[in-house]
Amino acid sequence: MKLKKVMALLMAGTMVLSMTACGGSKDEGGSGSDGAEASDLKYTDIVLGEDYTDLEETITFYNNRTDMAQDDYPGTTWADYVAEFNKVYPGITVKVDTDSAFADNSLLRLQGGDWGDIMFIPAVDKGDLSSYFLPYGSLEDMEKEIRCASDWAYDGVSYGVPCSVEAQGVLYNKAVFAAAGIEELPKTPEEFIADLKLIKEKTDAIPLYTNYAAQWTMGAWDAYLGGSATGDSAYANQVMIHTADPFSDPGDGTHAYNVYKILYDAVAEGLTEDDYSTTDWEGSKTMMNNGEIGTMVLGSWAFTQMQQAGEHPDDIGYMSFPISVNGKQYATAGGNYNYGINAESSETKQQAAMVFVKWMVEESGYAFNEGALSADIENNDLPATYADFGDVELVYNDPALEGEEDYLNMINADSELMVNAGGNTKVQAIVEHAANKDMSFDDIMADWNQSWKDGMEYNDIEAK
C-alpha cells in the first residue's frame, strides 16, 4: 500500500465499520484433508460436515469483538461458537485474538504480517487485497451464495465474506418516545429534530447521544450517504466519485448534506449530551436500555447489544434513517466486517480458516444472534431488529464500475475525508464546530466539497 494512503488512514484515526493464492476444494472422495492444491480451494466447493472433518490444524482469528471474549457476555461468546464448531471439526483449534483498539491496530498489524490466519478486513485499498488475502473464488460464483460478495472484491475476484449483513438506521428507546408523545416515527430531518425537541422538553433523557469520545462510533454517519439518503443503488460507488460537490444542499432534504446537518443541528440546538468529550460507549448501552437516551445513530449491529445491556430489552427499537426520497424511505444495506484469510498462511491453515468462515456464515447463527441478516443467500431469517422498517426499501450499493474500483480510495486518501473508510474525525469536527459555534454547517460542507473536488482533480477523475 502506498505510504501516502497509509498515512491518510492513520490521520483519519481509524482503519475500519463487507487471498492471493486460492485455497483447496474437496477431493473426489469428499475429503480435502489429504492436501488439495491451494490454488483449488474455493468457498463454494466446500461442503460443511463432509469436507476437512479430519483436518488437524491451529488457526488464529483476529477481530474487534472484545465483548464476545468475556465470560459474562450476555449473548453467545466466541468460546461458545468455537465449541459448537469443534463438534463437527474437532481437529481444528481456533484461537480468538480480540483487540479493543482494532480499528487503529488492524492495518498496522496487517502491514507487519503478524495477525494470524483470519481477520476482519480493515480499510485497505481494494487494489491491494491480493497482497494480503486469499481469494474465496470468482465474484460471479460467490454472488450465487453470498450477499454483498462485492464488498471486498477486485477485478472479478472476491476476497471477503461478510460476518453479517445490515440495513442502516437509528436506535431509539420506545419508552422515551412514548413519554415524549411521539406517535409516529420521523421520516424527514425536520421531523427528527422536532422529535428530539419533544424528548428534551417532556423527558429527562438525552435526545441524541453522539458517542463522540469513542471516535469510531462517529463513522456510522457515513453509512447513510448511499441508498438511505438517495434511494440510488449506484450512488455510493459510481455516482459520488464523479460528483464535484457531493456535500451541497440539493434542497429536498436528501443526500449527504442533510445526513450530516441532522448532527450539526442537534448539537447546535442543545439536543445532545452536555459535554461531548465525556461520552462513554460502554456506559451508553445501559443508558439506552434504561431510557436515559432517546436516540443513537449506529448500525443495526448495536441493536442486540443495547437489548442485552439492561432489564428493558423490549424498549429498544430500530428505525430507518429519517430521510425520504420523493416521499419514500430507503435503507442502505450492506456487509458488516468481512472475514479475510491470510494469503501467507500455510495451505492447511487456509483450508481450516475457510471451513471456519463458511461455518460461521452458514451454520453458527452469528448474524441472527447479533440482530442482523445472514450473508448466506439461502438464509432469509429476519431478526426483530427490523420490525419498524415496514415499507422501507433496502438498497444494496452497486459495486464500482470496471476500471473505477480504486477511485473512491484515491479521492478519500487525497481529500483526507475517508468517506465510509474510517473518516471519524471529520464527523467529530461537526460536533466540535456546532458546540463551539465557530463554524457554520454550510462552511463545513463547502470545505468538504473543495477537498473532494481537489481529490478528484489530483487523480484526473472526471466530474459528470
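**Strand β13.** I began with strand β13, residues 330-335, in this predicted model, and I found the strand mostly covered, with five of its six residues buried. I kept in mind that in a regular strand the side chains alternate between the two faces of the sheet.

**Partners of β13.** I then turned to strand β15, residues 393-396, which pairs with β13 in the parallel sense over four bridges; here I noted Tyr330, whose bridge partner in β15 is Glu393.

**Helix α16.** I moved on to helix α16, which runs over residues 424-436 and has 13 residues. I read 19 Å from its first C-alpha to its last, which is close to the 18 Å expected at 1.5 Å a residue. I listed its buried residues as Asn424, Lys426, Val427, Gln428, Ile430, Val431 and Ala434. For reading such a list I recalled that an α-helix has 3.6 residues a turn, so residues three or four places apart point the same way. Just after α16 I came to Lys437, which takes a positive phi of about 55°.

**Confidence.** Finally I checked how far the prediction can be followed: the protein averages a pLDDT of 90, and 92% of the residues score at least 70. Over residues 1-38, however, pLDDT stays under 50, although the model has 129 contacts beyond four places in sequence for them. I leave the details of that stretch aside, because where pLDDT is low the predicted coordinates should not be read in detail.

Definitions and conventions
Residues are numbered from 1 along each chain as its sequence is written. This is a predicted model: local features need pLDDT of at least 70, side-chain atom pairs count only at pLDDT 80 or more; totals for chains, interfaces and linings use all residues. Side-chain values use heavy atoms; hydrogens and water are left out. pLDDT is the predictor's confidence in each residue, from 0 to 100. Contact means heavy atoms within 4.5 Å. Buried means under 20% relative accessible area, exposed over 50%, partly exposed in between (1.4 Å probe, protein chains only). Helices (H or I, at least four residues) and strands (E, at least two) are DSSP runs, numbered from the N terminus. Two strands pair if DSSP finds at least two bridges between them. The expected span of a helix is 1.5 Å times one less than its number of residues.
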